[in-house]
Amino acid sequence: MKDSAVPDETTVSAVVARANRAPSLHNSQPWQWRWNGARLDLAVDAERLLPATDAFNRQGIIGCGAVLHHAVAAWNATWWRPRLERFPQPSDRTHLASLEFHGRRAPSDTDFELAAAIDTRYSDRAPYGPTQRWPDLAPVLAEVCRQHDTRLVPIDDRTRATLGKISWSASASRRRDPNYQSELAWWLGGAGPYAGVPASALPPREDPVRVPANREFLTGTADQGAEHHDQARIVALVSHDDTVESLLACGEALSAVLLECTEYGLSTCVMSHLTEMPATRARVIEAMGESHPQIFVRLGRATAPKPPRTPRRPVDDVLIIG
């Protein structure tokens, strides 16, 4: 194996399995990999989109960007050196990226640490304690976003209060949308053993009061710990525009932010509901003064026990070989 020019199928499967821990809207995992013996291709899985929740598939593409970054981080912790090409077939916007392999190198300690963060990251919807070392972490997060052509915008207290009001209004609107409620019920209970978000990872009904900016989910059973006022930091990831290229890059930036926070020992929770509906997003744009906010992240010190890991699709379901 040492002299082989390309990874073997066992290595490819292991990397894809690790990358599959990437976050996605309602853990829908809307991606498909194909290995042809020399190249690993990433495409959108059109059967796993959420039209009632994500009508323009912005969050679906962001999720694919996150799994792409996870995959590169996982490859970097092997001896294989991946070369990434985004949108290798410009006429096919569902073919998001290709990874080819040219040479080998020894992984660095940073490579190992970032890949290890994939295995320990999880979505924590409970209230957080204050973020430690924020002045040190903020420029790091801004830089990893810049590397993916995305801007990190910290949310100040005034804007945060406005976002809480917008979140409440969005939840009220969604309650009257039967298509959204049906889709939510499916992914938060009926999606089967390998996808969706189980009740054990969802907050109890009273939690939205404690974390005003969170999405309103179905009632869950997650242990939210002792009564605690949320002291999370909130950051927004902002793109130059809404093109599929920018959305994919934003997903890569999102993955980088989540893994860096995990390395710093912080909990995180991705919030997409503030930008899913056009009317809600328009209010967010007005509140922030930013034209293209794509997604938000809460981050801070965990105050509740870690919930069980959310399920992931088997490798055979997300990876086509041949």
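In the hairpin of strand 1 and strand 2, four residues lie between the strands, and Gly37 takes a positive phi near 100 degrees. The model is predicted: local features need pLDDT of at least 70, side-chain atom pairs count only at pLDDT 80 or more, and totals for chains, interfaces and linings use all residues. Residues are numbered from 1 along each chain as its sequence is written, and side-chain values use heavy atoms, with hydrogens and water left out.

Helices (H or I, at least four residues) and strands (E, at least two) are DSSP runs, numbered from the N terminus. Two strands pair if DSSP finds at least two bridges between them. Strand 1 and strand 2 (residues 40-44) pair in the antiparallel sense over five bridges. Arg34 stands opposite Asp41 of strand 2. Strand 1 also pairs with strand 10 (residues 319-321), in the parallel sense, over three bridges. There, Trp35 stands opposite Ile321. Four of the five residues of strand 1 (residues 31-35) are buried (under 20% relative accessible area; exposed is over 50%, partly exposed in between; 1.4 Å probe, protein chains only).

Helix 3 (residues 109-120) has twelve residues. The buried residues in helix 3 are Asp111, Leu114, Ala115, Ala117 and Ile118. They cover an arc of only 145 degrees around the axis, so they lie on the same side of helix 3. The arc is that of the directions from the helix axis to the C-beta atoms. Their cover includes helix 1 (9-19), helix 2 (58-76) and helix 8 (244-263), with contact meaning heavy atoms within 4.5 Å.

A salt bridge is a side-chain nitrogen of Lys or Arg within 4 Å of a carboxyl oxygen of Asp or Glu. By this rule the count is 16. One of them joins Glu245 and Arg93 (2.0 Å, N to O). Glu245 lies in helix 8 and Arg93 in the loop between strand 3 (80-86) and strand 4 (95-104), so the pair ties together parts 152 residues apart in sequence. Glu245 is partly exposed at 37% relative accessibility, and Arg93 is partly exposed at 30%.

Arg298 forms a salt bridge with Asp230, the closest N and O atoms being 2.9 Å apart. This pair links distant parts of the chain: Arg298 is in strand 9 (residues 293-302), and Asp230 is in the loop between helix 7 (207-210) and strand 7 (233-238), 68 residues apart. Both Arg298 and Asp230 are buried. Salt bridges also link Asp45, Arg313 and Asp317 in a network.

Terms used. The expected span of a helix is 1.5 Å times one less than its number of residues.
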